[in-house]
Amino acid sequence: MSEAALWAALADPHRRAIVALLLERPRPVGEIVEACGLSQPSTSKHLRVLKDAGLVRVRQDAQRRVYALEPAPIAALDAWLAPYRRLWNSSLDMLAQRLDDAEEPPPSKD
């Protein structure tokens with residue numbers, strides 16, 4: 001599982017929608033097909049990309065394949081984003097301070 005494969009897998013909006021569905025709970029392919037509004041072959045291709053990237057795992061349940069999120073790659077992406085999140089939070093803190101300063105009434109000239 002390479003970092004590039006993770007980002008490439010998540011670049012597609014349909015695959016991000018599948019990941020969002022699986023965040024709620026594991027699901028069989030049929031439910032994913034229905035929820036995403038894609039054809040079964042198209043959904044299977046997206047699931048294969050997610051599986052090859054290590055983002056999901058699959059298990060057989062009788063005749064069904066049930067997909068679930070694999071947490072380790074998500075944690076790796078979160079760790080990669082951490083420094084950027086700190087930068088973003090710092091920028092938001094500075095913006096909040098400027099807005100607070102702008103709301104203070106000007107000193108009276110009495």
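Visitor: Leaving aside neighbours within four places in sequence, which residues is Arg27 in contact with?
Guide: Arg27 is in contact with Leu21, Leu22, Ile32, Arg65, Val66 and Tyr67, where contact means heavy atoms within 4.5 Å. This is a predicted model, in which local features need pLDDT of at least 70, side-chain atom pairs count only at pLDDT 80 or more, and totals for chains, interfaces and linings use all residues. Residues are numbered from 1 along each chain as its sequence is written, and side-chain values use heavy atoms, with hydrogens and water left out.

Visitor: Is Arg27 buried or exposed?
Guide: Arg27 counts as buried because its relative accessibility is 8%. Buried means under 20% relative accessible area, exposed over 50%, and partly exposed in between (1.4 Å probe, protein chains only).

Visitor: And Val49, what does that count as?
Guide: Val49 has 32% relative accessibility, so Val49 counts as partly exposed.

Visitor: What does Val49 touch, not counting residues up to four places away in sequence?
Guide: Val49 touches Ala9 and Arg15.

Visitor: Where does Val49 lie?
Guide: Val49 is in helix H4, residues 40-52. Helices (H or I, at least four residues) are DSSP runs, numbered from the N terminus.

Visitor: New topic: which residues in H3 meet H4?
Guide: Val29, Ile32 and Val33 in H3 meet Gln40, Thr43, Ser44 and Leu47 in H4. The residues of this contact are four nonpolar, three polar and no charged. Ala, Val, Leu, Ile, Met, Phe, Trp, Tyr, Cys and Pro count as nonpolar, Asp, Glu, Lys and Arg as charged, and the others, Gly among them, as polar.

Key
Helices (H or I, at least four residues) and strands (E, at least two) are DSSP runs, numbered from the N terminus.
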